[in-house]
Amino acid sequence: MSIISVRNLTFCYEGSSDNIFENVNFTIDTDWRLGFIGRNGRGKTTFLRLLMGDYAYEGSITASVHFDYFPFAVTNESLTAAEILLTVSGIAEYDFWRAERELGLLGVDESVLPRPFATLSNGEKTKLLLAALFLKENNFLLIDEPTNHLDLDGRRLVAKYLKSKRGFILVSHDRAFLDECIDHVLSINRSTIEVIHGNYSSWQREKNRRDDYERSENSRLTAEIANLRNAADRIASWSDKVEATKIGGGPCDRGAIGAKAAKMMRHAKAQESRLEREIEKREALMHDVEYDEQLKLHPEPYFRQNLLLSKDLSIFYGDRCVANGISFTLNRGDRIALVGRNGCGKSSLLKLLIGQSIAHTGTLEIGSRLTVSYVPQDMSFLSGSADDFAAESEIDITLFKTILRKLDFKRTQFTKDMSEFSMGQKKKVLLARSLCQRANLYIWDEPLNYIDVISRLQIETLILEYKPTMLFVEHDEAFVNDIATKVCRISLNQ
């Protein structure tokens with residue numbers, strides 16, 4: 001066991017006037033399985049990069065362990081999976097049984113070992129590199145969103161694997177995944193960083209309790225401040241009226257009247273000072289309450305009960321059939337989750353439904369005059385200003401920005417090129433566009449990749465309230481359980 005100590009950490013990116021971190025202090029144990037959570041853009045990946053020594057900063061970070069970062073780029077993807085394991089982990093060939101054991105725990109078949117790294121699926125690459133890094137000696141692993149390329153079964157395997165380890169920081173927004181494998185939480189709040197013992201659910205319960213208390217206190221203070229403001233206004237008004245009696249109205253002791261008015265004005269000023277102190281107290285009390293404002297959606301009702309019909313549909317990649325026998329009916333009000341392993345054709349099916357050319361056989365009936373809003377997985381095309389993107393998408397710019405603000409975008413974010421956005425912020429741009437569109441059917445392809453937990457809850461609340469007709473692919477188990485009215489399981493055709 002050793003300690004990672006962060007003292008007076010202050011950091012901002014070159015050219016920026018806003019600090020990402022300011023005088024941050026906390027201590028963590030290198031034996032902890034630490035989940036790192038917070039809103040998109042709060043600096044989670046930045047902090048991991050600071051631990052890696054990638055940026056200069058003020059303050060100090062001290063540790064007696066070596067940090068390794070996941071994911072990292074493999075420079076030579078022509079090497080075999082076995083060669084990558086040996087190179088990254090540093091183990092000797094006679095110890096290769098250890099690598100095979102790690103891969104077994106992650107559900108990776110030994111048949112991948114002689115294959116070039118470039119030929120592996122994203123899920124296989126994720127598992128291979130995690131195994132290689134955990135084989136290293138005296139390292140503390142910084143794991144940045146490993147679930148984005150994992151299907152539901154893969155997430156469960158990796159969560160179980162991580163639960164058997166110790167000594168890592170894990171950035172993830174998948175609630176079920178975090179609950180399974182962490183024992184502490186490091187949380188970046190609106191103005192503080194806190195460390196608590198427990199898993200995600202423990203943190204959420206504590207946060208809800210604290211937020212409820214702080215909101216209650218805020219309501220009480222708001223009422224008190226209103227009373228103080230009214231009292232200060234009344235006293236100031238009385239003072240003005242008393243002062244006015246010095247003018248006209250016959251003989252009077254103007255000196256006594258002025259003294260009385262001055263006394264009342266001093267009383268008013270004292271009340272104003274007390275008011276300012278109460279306002280400061282209220283602001284300090286509310287510093288960490290997340291404002292998860294309610295989103296809105298206006299789905300267009302479809303004129304028929306049935307929107308889609310798929311019967312014995314098969315999807316092909318070239319000459320290879322990756323999935324067959326896909327059958328489901330999508331009726332008005334349904335929210336169907338497409339569930340299956342990576343590579344089984346889920347995304348291809350969604351692309352087929354929006355009119356892209358995908359090789360297939362079987363029956364696929366799409367309702368006439370069906371208006372579809374689509375959220376793709378790919379975000380690489382996002383660049384330029386948010387205003388231009390909204391104009392090109394033919395959506396209301398004001399509504400678009402309002403939704404992004406509710407998803408925790410700062411106003412300064414709108415002055416940046418979207419290519420500079422974090423992955424989570426880019427995904428929010430695509431979701432906000434979809435929420436601005438009036439559609440009969442919302443087709444979302446892994447909409448929660450990179451999206452923070454609080455925003456996920458906002459989106460869940462929105463869907464449950466407005467009940468749009470949806471067809472979606474998502475590997476967040478909690479989201480599927482809460483949102484889907486039906487599940488269509490697609491098997492990978494081996």
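I began with I443 and looked up its bridge partner in β16, which is L471. The model I am reading is predicted.

Next I checked how the two strands run. β15 and β16, the latter covering residues 470–473, are parallel and joined by four bridges. I then traced the chain between them.

I turned to another partner of β15. Strand β14, residues 372–375, pairs with β15 in the parallel sense, again over four bridges. Here I found V372 bridged to L441 of β15.

Is β15 enclosed or open? I looked up residues 441–445. Five of the five are buried, so the strand is largely enclosed by the rest of the structure. I sorted them by face. L441, I443 and D445 lie on one side, and Y442 and W444 on the other. Both faces are covered.

Then I went to α13, residues 453–466. I tested its length. Its 14 residues should span 20 Å at 1.5 Å a residue, and the end C-alpha atoms are 20 Å apart, so the two values agree.

I looked at both ends of α13. At the start, a side-chain oxygen of D452 comes within 3.2 Å of the backbone nitrogen of I454. After the helix comes K467, with a positive phi near 50 degrees.

Last, I asked which residues of α13 are buried. My list includes V453, I454, S455 and R456. Q458, I459, E460, L462 and I463 are buried too.

Key: Residues numbered from 1 in each chain as written. Predicted model: local features only at pLDDT ≥ 70, side-chain atom pairs only at ≥ 80, totals over all residues. Heavy atoms only, no water. Expected span 1.5 Å × (residues − 1). Buried < 20%, exposed > 50% of the residue type's maximum accessible area, 1.4 Å probe, protein only. Polar contact = N/O pair within 3.5 Å; in protein donor to acceptor, adjacent residues only side chain to side chain. Pairing = 2+ DSSP bridges.
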